[in-house]
Amino acid sequence: MKKAVVFQYRLLHYRTALFDRLREACASRGIDLHLVHGQASRRESVKKDEGSLPWAHKVQNRFWELGARDLVWQPFPADLRDADLVVVMQENRILSNYPLLLGRLWSPRRVAYWGHGVNFQSDAPAGLREKWKQVILTRVDWWFAYTDMTVQIVRRAGYPQERITCLDNAIDNEAFERDLASVTDAQLQAMRVEIDAPEGAPVGLFCGSLYPDKRLDYMVAAADGIHAALPAFRLVVIGDGPSASEIRAAAETRPWLKWVGVRKGQEKAAWFKLADVVINPGLVGLHILDSFCSGTPMITTAESRHSPEIAYLRDGENGLVVHGGADRYAEAVIALFNDRARLDAIKQAALRDAQHYTLDNMVQRFADGIERCVGMRKK
């Protein structure tokens, strides 16, 4: 059997289902897949977002803290060094990647990147770190791109299309879909009473971590404009984080804005089912799949520092992308609320797209790319 090894410097809990299914998909293709992961750095450990898999190879990372940044070295288990393919995360700070990239010049082992192409949240997109990332962007045998946005970045750098796999990054939404299906009319009615929203009143929902890139001040300003034009409008905010005080302060003077903190499972699903739209002017990432699965269109802005999953949002089709200030955003939301036929059409498009951006589809694309890579002749 061919042998492939995927490195993750830490295993995130939402990736465990991906690797379990990917291992099975590779085995059906005659490929022995291994996962190597370490653990979070001291600063990342507070997130408590790590998972575990009994079959994975867990190693002890070494970290060095340089100011606000961490450098990491991840050991390569000796019994896996005969791998035909190694897939590494495309991150400058992972020092153990560099010997692998250098070694591919004389080794028959293939090396692949899995990443974004650029740092979409960089404070210095023209800085040295991003320039270095571009220098080594094409120095691999294969590319596993998060979305088509990454594909375009890699292609513009001169990398051949035939050695790029677009994964269409996804998570396991099956549990969320079951939760959505279990929400009752009585539960929705009780929630309307909780937020003092009469039947038919437009409801917006924010769901995610509360931090600066989410543009919470912009969101509140836009919501003020929406409520001024549509007094029945209600905004529900799910989530917590370092910027929670902004939402807490806003809710104190706005009875139509309700912050409910972190909600999970069926309770989270119920708020999505109650809402008409997702109000998210800041960073868009994987949580866009919640919008699709629930048929609750996401409305965001063009100027935010989005993750590559923003590629899934097609303006005017399965959501909206607004250009400009909070007043323009409010106008776009108000117009959508006042055109129920258009809103319903966007909801249906979002639901259809939920069937494309699934974990099973991502697994098949990933396994296909691994199979093609290990089967190609090394140049």
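I'll talk through a sheet, a helix pair and a cavity. This is a predicted model, where local features need pLDDT of at least 70, side-chain atom pairs count only at pLDDT 80 or more, and totals for chains, interfaces and linings use all residues. Residues are numbered from 1 along each chain as its sequence is written, and side-chain values use heavy atoms, with hydrogens and water left out.

Sheet to start. Six strands, written 6 in my notes, form an open parallel sheet, in the order β12-β11-β10-β13-β14-β15; strands are DSSP E runs of at least two residues, and helices are H or I runs of at least four, numbered from the N terminus. Two strands pair if DSSP finds at least two bridges between them. β12 (257–261) and β15 (319–322) are at the edges with a single partner strand each, so one side of each has no neighbour in the sheet.

Now the helices. α6 (residues 185–194) packs on α9 (residues 265–274) at about 75°, axes 10 Å apart. Axes are lines fitted to C-alpha atoms, for helices over the stretch in contact, and angles run from 0 to 180 degrees between N-to-C directions. That makes the two roughly perpendicular, a label for 65 to 115 degrees. Contact means heavy atoms within 4.5 Å, and the α6 side includes Leu188 and Met191, with Trp271 among the α9 residues.

Last, what lines the largest cavity? Among others, Tyr98, Tyr113 and Lys133, each lining residue having an atom within 4 Å of a point on a 1 Å grid over the protein atoms alone, where a 1.4 Å probe fits but cannot get out. Helix α2 (residues 97–103) gives the most, 3 residues.

Note on methods. Parallel < 35°, antiparallel > 145°, perpendicular 65-115°, else oblique. 1 Å grid on protein atoms, 1.4 Å probe; cavity = no way out; pocket = protein on both sides within 12 Å on 5 of 7 lines; lining within 4 Å.
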